[in-house]
Amino acid sequence: MQTAIPNFDAARVLVVGDVMLDRYWVGPTGRISPEAPVPVVRIQKDETRPGGAANVALNIAALGGQVRLLGVVGRDEAARKLRDALVEKRVQPDFVDTTSCPTITKLRVLSRNQQLIRLDFEESLAVAGAFNHATFLERYRQALDDAQVVVLSDYGKGTLADAAQMIAEARARNLPVLVDPKGSDWRPYRGATLITPNLSELEAVVGPCPDEATIVAKGRTLRDDLGIDALLVTRSENGMTLLAPHQPPLHLPTEAREVFDVTGAGDTVIATFGAALAAGHEFAHAARVANLAAGIVVAKLGTATVSQAELLRAIRRQHEDDSAVLSEPELLERVRQAKAQGQVVVMTNGCFDLLHVGHVRYLEAARRLGDVLIVAVNTDDSVKRLKGPSRPLNSTEDRMRMLAALKCVDWVVPFAEDTPLRLITDVLPDLLVKGGDYRPEQVAGHDVVAAHGGQTVILDFHDGYSTTRIIERARA
């Protein structure tokens with residue numbers, strides 16, 4: 001199913017957490033050091049990038065969202081580089097300085113696209129007196145005034161020592177709070193809107209989860225114990241699982257075509273989800289967009305971001321790869337996903353033996369009524385019973401393939417009965433569409449759709465177009 005891209009420009013997100021500066025020394029290596037059995041790297045490039053919570057903020061800005069970043073830095077050159085890099089990328093840095101600790105810096109040495117070693121420069125911000133908590137909380141309260149969504153990015157460095165208080169204050173203002181957790185004690189995140197652990201982080205808290213059923217069972221228990229609304233579990237090559245309130249579990253397969261480096265993928269997921277939520281989308285749709293973004297970022301080296309243009313390309317590729325001709329179980333799963341995203345599902349049916357411009361205009365009009373259009377097609381035996389032994393002229397497969405090629409048609413599915421009543425009962429579209437001289441109550445499935453809050457719409461057929469007429473002219 002094609003995923004709609006949110007209007008990220010309307011999103012205002014506050015990111016709070018452990019900010020870092022990622023440094024990359026890159027160069028070739030061709031020999032082993034005579035001093036020790038290690039490669040000698042001749043450094044040719046020294047690159048710096050914002051990391052940790054700063055990478056979350058960068059991801060939001062790259063999508064076009066407005067983002068303010070609250071964190072703690074030292075009074076040093078690394079802090080200056082971090083600020084400059086963020087401002088250049090349209091992130092508003094709001095840092096509390098400390099003389100007790102340096103700006104957290106991670107230096108990675110790479111050669112031939114392989115990381116050889118990582119060097120960390122940091123002191124714990126969790127020790128007493130590491131930074132002024134009162135000043136930090138006051139800055140946080142001020143920043144809440146202009147936020148639609150709050151993201152807490154916890155790397156276990158100590159910036160979020162007051163996470164419980166931050167969550168309570170944001171929720172008191174009806175602001176969603178998303179948390180990227182750290183460690184095995186998640187009680188400080190109690191009351192958050194959504195937590196986004198990877199599978200290993202989840203298992204560190206709830207125990208082994210060898211299959212989806214266990215993830216769902218233990219995830220729901222954890223969700224209830226912590227009083228959080230939802231849980232989004234990222235599962236590497238197995239995609240992600242969303243446990244949202246009042247919705248069945250949503251298992252999304254990975255969108256990654258090539259995995260080069262998973263560094264920062266979790267940052268991209270929570271950033272994209274938060275920006276989509278701030279743009280007004282529901283959990284399920286935000287998860288789908290985040291899943292697409294994750295599939296893009298893991299093909300990049302180091303901490304990286306995803307742009308709107310890259311998301312749009314991924315969505316187009318997803319649509320191109322996604323066959324519109326479906327089996328009934330495939331259709332029902334896609335309908336469930338569409339409804340979870342709040343999309344309006346339109347359904348119509350017919351033989352469509354010889355596709356003509358009247359059909360196309362009718363289907364285009366039907367598609368304009370909603371977000372997705374389902375076309376149910378009579379099988380060959382069904383057509384023979386309705387039209388006579390000389391029909392159909394084209395097989396079920398050919399008729400469905402022709403319909404699937406139309407831009408206005410999203411999904412095509414066959415049905416073997418004389419009417420699609422059974423299929424309509426399973427799909428329960430928001431709008432059931434029929435063309436011709438019918439009254440709504442004469443349409444098969446009208447009662448079922450109406451009983452579930454849907455509507456039957458009658459569209460006019462365009463005069464002068466008819467499969468029977470085309471056949472008669474061909475025989476004349």
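I started with H5 and H6, which lie roughly perpendicular to each other. This is a predicted model, so I read every value below as computed from predicted coordinates.

The numbers came next. H5 covers residues 199-206 and H6 covers residues 212-226. I get an angle of about 65 degrees between them, with the axes 11 Å apart. Angles of 65 to 115 degrees count as roughly perpendicular, and therefore this pair gets that label.

Which hand does the crossing of H5 and H6 have? I noted it as left-handed.

Then I listed the residues that touch. From H5 I wrote down Leu199, Leu202, Val205 and Val206. They meet Ile215, Lys218 and Leu222 in H6.

I moved on to H3 and H4. H3 runs over residues 133-144, and H4 over residues 163-172. They pack at an angle of about 25 degrees, and their axes are 11 Å apart. Angles under 35 degrees count as roughly parallel, so I filed H3 and H4 as roughly parallel to each other.

For the hand, I recorded a right-handed crossing of H3 past H4. On the H3 side, the contact is made by Phe136, Leu137, Tyr140, Arg141 and Leu144. On the H4 side, I found Gln165, Met166, Ile167, Glu169 and Ala170.

How many nonpolar, polar and charged residues does the contact of H3 with H4 have? I logged 7 nonpolar, 1 polar and 2 charged.

Notes:
Residues are numbered from 1 along each chain as its sequence is written. This is a predicted model: local features need pLDDT of at least 70, side-chain atom pairs count only at pLDDT 80 or more; totals for chains, interfaces and linings use all residues. Side-chain values use heavy atoms; hydrogens and water are left out. Axes are lines fitted to C-alpha atoms, for helices over the stretch in contact, and angles run from 0 to 180 degrees between N-to-C directions. Helices (H or I, at least four residues) and strands (E, at least two) are DSSP runs, numbered from the N terminus. Angles under 35 degrees count as roughly parallel, over 145 as roughly antiparallel, 65 to 115 as roughly perpendicular and the rest as oblique. A crossing is left-handed if the near helix is turned anticlockwise from the far one by less than a right angle, and right-handed if clockwise. Contact means heavy atoms within 4.5 Å. Ala, Val, Leu, Ile, Met, Phe, Trp, Tyr, Cys and Pro count as nonpolar, Asp, Glu, Lys and Arg as charged, and the others, Gly among them, as polar.
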